[in-house]
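Here are my notes on the charged pairs, for you to check against your own view of the coordinates.

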Amino acid sequence: MGIFTRIKDIAAADVHRLLDQVEDPVSMAKHYIRQLEEQIDQARGALQTQIAAEQRYDLLLASTAEIVRKRERQAQLAVERNEDDIAAMAIQEKLHHAKLEQTYTEQRDTVRKQAQSLRGEIQRLQDVHKELTDKLAFLLVRANAVNTMRDTARTAPVSDISKIPRGFERMEQKLMHVEAGTLAYQAADKLTDWSRQQEVQEELARLKSAKQSS
């Protein structure tokens with residue numbers, strides 16, 4: 001096995017190992033987020049139940065308080081009419097509903113506290129959900145980076161990368177050869193121009209000499 005093939009295999013193994021390390025926390029983060037979303041949904045359902053119960057207690061308290069007021073008036077009227085038996089019955093029912101009113105109030109307060117606690121729990125779960133979602137986004141960025149590294153390692157293995165500098169050297173040599181040829185051609189062209197000029201001057205001098213001789 002060649003040294004470059006060995007290096008390529010080691011690099012690929014490192015990339016896959018790193019990818020596995022990144023994908024695992026991504027899967028775990030997604031799992032935790034799904035669990036949180038289920039808990040948030042359950043908490044919201046429980047909160048809706050508590051709110052409905054609180055509303056029912058409000059109605060019970062309103063109707064019970066009205067009965068207490070009515071029985072109070074009935075007892076007063078019965079006393080004014082000297083109807084002690086009727087007054088006693090009205091008072092007895094008034095006391096009964098007054099105790100019910102107290103019980104309903106305590107139960108409604110308990111339900112209200114539970115609803116408030118659920119609101120706080122939902123807010124806490126939402127905060128954790130946001131934190132995990134942000135972390136998941138960061139992990140996905142890292143995972144994408146690792147995927148890119150893996151794809152790069154596959155499409156451009158180490159053994160191929162080592163050939164790139166040699167390829168550039170060959171191109172540079174070819175360019176230098178072309179440049180040298182171009183410079184030589186230009187020099188030869190200039191030399192030819194100079195030779196022609198010399199011939200012209202010599203021919204011109206010969207003509208002038210012939211004229212003077214005649």
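Which residue's side chain meets that of R112 in a salt bridge?

1. The partner is E54, at 2.8 Å from N to O. A salt bridge here is a side-chain nitrogen of Lys or Arg within 4 Å of a carboxyl oxygen of Asp or Glu. This pair links distant parts of the chain, with R112 in helix 2 (residues 84–155) and E54 in helix 1 (residues 3–80), 58 residues apart. Helices are DSSP runs (H or I, at least four residues), numbered from the N terminus.

2. Before you go further: this is a predicted model, where local features need pLDDT of at least 70 and side-chain atom pairs count only at pLDDT 80 or more, while totals for chains, interfaces and linings use all residues. Side-chain values use heavy atoms, leaving out hydrogens and water, and residues are numbered from 1 along each chain as its sequence is written.

3. On accessibility, E54 is buried at 14%, whereas R112 is partly exposed at 35%. The cut-offs are relative accessible area under 20% for buried and over 50% for exposed, with partly exposed in between (1.4 Å probe, protein chains only).

4. R108 and D109 also pair up, at 4.0 Å from N to O. R108 is buried at 18%; D109 is partly exposed at 29%. Salt bridges link E54, D58, R108, D109 and R112 in a network.

5. Take a look at E66 and R69 too: their closest N and O atoms are 2.6 Å apart in a salt bridge. They sit 3 residues apart in helix 1, so about one helical turn separates them. E66 is partly exposed at 29%, and R69 is partly exposed at 43%.

6. For the tally, searching the whole structure gives 10 salt bridges.

Technical notes
Helices (H or I, at least four residues) and strands (E, at least two) are DSSP runs, numbered from the N terminus.
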